[in-house]
Structures are given as C-alpha cells and as structure tokens.
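Below are some short notes to read alongside the model. Please keep the sequence open while going through them.

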Amino acid sequence: MTHKGMPLQKSKPQATRRDLLKWSVAAVAPLSYALSSAQTSLKHNPFSIGVASGSPNHHSVVLWTRLMAEPSSSKTHFADADVSVKWEVADDESFKVNRRAGQVVALAALAHSVHLELDGLQSDRWYFYRFQIGDAQSSIGRTRTLPHPEAMVQKLRVAYASCQRWEHGYFSAYDHMCQENLDMVLFLGDYIYEYAAAANPVRLPKGGWVSSLDDYRERYALHKSEKGLQAMHAQCPWLVTWDDHEVSNDYAGLERGQSGNISFNFAAQRARAYQAFYEHMPLRASALTKSLDGLAQGAELRIYGQVPYGKLANIYLLDDRQYRDRQVCNKSDGYGSGFVNPDQCEDWFNPKRSLLGAEQTQWLDQAFANAQKDARPWNVVAQQTIFGRRDFRIGAGYTLWNDGWDGYSAARQQMTQSIQNNALKNPVLLGGDVHENWVGHVMADAYKDDSAKLGVEFCGAGITARSAGNSKLPARLAENPHFIFADSERKGYGVVEFTAKQIQTELRVVDDVRQPQTKIETLAKFEVEAGVPQLHRKA
C-alpha cells in the first residue's frame, strides 16, 4: 500500500488500450482453457464482492464481476494467471427457461474483473445471470434490456445516487432502494473516497491515502463488500459516471486535486484510478478510447454518452471532471475548490473556460439538436453536481463555489443556450456532489431570477457523505429563489418516475447512516407536468 509521504510505486501489471480491446473481444468468445486450480474445490468465495450489470441498450447489457483472493492472502489478485469463468443467463431465476451459457476470461491484468458484453437479447426484457468457477458460484443477478428506441413506453422508474463515503456511515440506503422496483440506477459520482481518515469516523478504511493501482482496487473492493450495495447492483442495471473522489478531491482534468501526496506524478495516478474504475464498473470496452498505461499522459475513459428509453426519454450521461479547465480564484491554496466573489475574479466569466471540454460540449449540443426529431417527451441530463446558481452570501453581491457549474459560468450559459436553441423538451437535470438535497428550476440566465424557466433540477443528498446541516438553509433559499427546497441533514437517494404526461420525484432518506440498519421515509415529493417547467411540491 502507498501512504502519504511514501514514494508512489509503479503497480503491475499495466494494461494498454490495445491489450484491453483485444481482451474484450476474447471475453465473449468460447474458451477451452482455464486456470487448473479453478476446476477443483475452492477454499474461499471468489465472488465475495458480488455481481453487477450496466451499460444497457435494447439488445445488449454488460455483466460484471471480479474474482477476489482469499481474505487472508496478501495478494491483490486471484493468483497471477487469467481465469476462465462460466456464465449463465436465463429468463427465470432457476435458469431453466431460454438458458444461455458460455465462458469468459477474468484477466489478471484487470484485477480478474469480467466485463461480459452479452448481445442478441430481446428488447424490454428482464433476465437473470450468474457466474461460476469450479464449485464456487456467484450470487444471482437480475438485469434488463431497454425498450427499442421506437417503442411506445408507459413508464420509466429510476433512482439517482452519489457520494458514498465509507468513514461517514453505512450504505444502508441501498437496503431500501432494493424495494423500489426500479428499471435502472443512475450513479452520479464519488463511488469511492480516496481519503485516509475522517473527523469523527463511524468506521475507517484500511491502507491510508489511495494513490497506486492496488490502492484503488482495494478501496473499490472495500466499498463493494457492503451487502446492501451488492444487492442493489444485483437488482437492475446501472448507468455510472464519476466525480472527483474516484481520483483525488477537486481535481480538474490533468490538474491534481487537494488530497494525498502532491509530489506524485498526477497523470500516472489518474490513469491508474481510471483503470480501477473500469475494472469495477459494468462498462463497455468502447469506453477504452486511449491507453490506460499508468505512465500515459492523457489516459482517457469515454464515459459520457446517450441512452434512449423507448419513445419516452433520452438519458444523457455527462463527465464534468476529465476534460474541465482548472478552477480559478481560489484564495486559500491556489488550486482546487473555494468560495469566490465573482466581481473580484477576472477569469470567472471567461468564455474560453470549459467544464465539459470542447468535444463533449459539441456532442451534447448535437444530441440536443437530434432530440427535436425523436419527439421523446423527457430529456434527462445525469451529471455530477448542482447546476443552478447557489449564492452563499446573505445580502448584496455573490459568494459562489468555484468547483461546480457556478465556477464555470460561461459553460453553464452555453448549455442553457443550447437547450433554448434546440427547443429541448422537458429538461430534467440530476446531480450529486454537494451532499445535500436541492430542488429547483433551470433558468435561462442563472444570474437573473426573473429569466425564463427551462427545466427542473434535482440534486441528491448522497448515500453517506456529510454536509453542514440545516441551520442557514432558509436564508440561503431566500438568496436563491430558483430553488424551492433544500435539506442538508438527511442522507439517501432520489426516485424519479416518468410517464408521457408527468414525472414524480421522491427524496428518500434514512434516519441515521451511523447505524448499519435504518428506517426510510419520504422527505419530500414533487411533480412536473410535461410541457410546463414548473415544480409542484406534493408532500
């Protein structure tokens, strides 16, 4: 393990993009070999961190698992050789109806993770799946394909979640999310936290600061050891994006963040973090657009994209970390996040500064333009953070946080202008990052409270990560009237149900994340009618 103050060791093995693409092709082909020990009785459960599915479309889905070493072993790999894993998929949980089976390779170079891109499935169908090595069998997962893009759909029910910090509590919210009867989960960033400790921790991770490839792998495995999280991954497919803590607090592009040892080669650290993210998420091999070699400058994962859900909704998954420009005018330490008076920051409104990067911005504008033709009533933008202006100064003037959309005002205006230019129907923005629930309207001009309402926004509280509490919220809401609701105390997730005529959103919160078992309740409930960008609180 690498701790703060220790030199960063090069982690082995390293994977190049060519290797990963080659392996992804091999992963779906029948294989006749296997690690010999895998054919005998195993003394431990290699599927101890569960199964998952994701990246669905109307004919395909990615099935994921990762093989783990014995808990008492000091190794981070299931031996040092590739392992052949059996897989099964069927219409029923007994694996008797329309059963399909094959083998896939768990590659040592990818921490023995499996990314099975299963194709040729029927649209709008639920399936069951599992993996097996020798006499060891994984838990059973349930997944689904999406409706055909031209199919008329009555309903879509999703949950959005973010910010699950180990030190701050238990991921008990997922125990309740499993009962929500969801079509999919949108995870909006901070799946892990890279910190070594926390003030007043509920529990502490092992290993200190996360910096090396093995560090990141162990931190993901720790988070995935939570049974509630495993169960929710096994309930339905996930669409995932990241924020900063999958790498380093408040990093921006190739500019380092505010955590860990700042003497490390940050480009190498980021590349290792990206590889570990790929290893632990149900992502397609097409995400591997460039080398993930730990020494590569500019290693990349293409995780932004668009997913249509029948004729009901478009889902746009964004990446606001990998391509962003550096934050500006942070007085405390010169980089990272901070509170800024825009009137005293020359670069605040610089039109050249980008949050999404030029290529992603252009892609999103074209996707919005194409949405005019497909006539889907809802356009869901799933991204990392809070979109609307959030002024922390009570009274005249502004104090804004420079790490979110507020710190990239020109980029935000460019996006709202794209929404208007393309007459985007019913935009619904979902976010996380700030550890608080915020519900409000997307304004044509974030600095003009009387400008036109373009859509609605729901920013989630996070699964466990703490916030400051509710003491100043009434005054802050008064300063930001485009928001109609906020809460800084309760942790949980949101559930959004879409129909052609309206959406209903429930903010679901647990009573105490410091306890491994919790109760859940609905903190607030909102409705929005199609064609009318106006929030109505129902409870």
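**Notes on the predicted model**

1. E23 is joined to strand E24 (residues 536-537) by two bridges, and the two run antiparallel. Helices (H or I, at least four residues) and strands (E, at least two) are DSSP runs, numbered from the N terminus; two strands pair if DSSP finds at least two bridges between them. Glu527 has His536 in E24 as its bridge partner. Six residues lie between E23 and E24, which form a hairpin, and Gly531 in the turn has a positive phi of about 85°.

2. Strand E22 (residues 502-510) and strand E23 (residues 520-529) also run antiparallel, with nine bridges joining them. Val510 is opposite Ile520 in E23.

3. This is a predicted model, in which local features need pLDDT of at least 70 and side-chain atom pairs count only at pLDDT 80 or more, while totals for chains, interfaces and linings use all residues. Residues are numbered from 1 along each chain as its sequence is written, and side-chain values use heavy atoms, with hydrogens and water left out.

4. The chain has eight helices and 24 strands. Of its 539 residues, 63% count as buried (under 20% relative accessible area, 1.4 Å probe, protein chains only).

5. Contacts (heavy atoms within 4.5 Å) were also counted between residues at least 6 apart in sequence; 72% of these join residues at least 24 apart.

6. The accessible surface of the chain (Shrake-Rupley method, 1.4 Å probe) comes to about 20400 Å², and 49% of that belongs to carbon and sulfur atoms.

Note on methods. Buried < 20%, exposed > 50% of the residue type's maximum accessible area, 1.4 Å probe, protein only.
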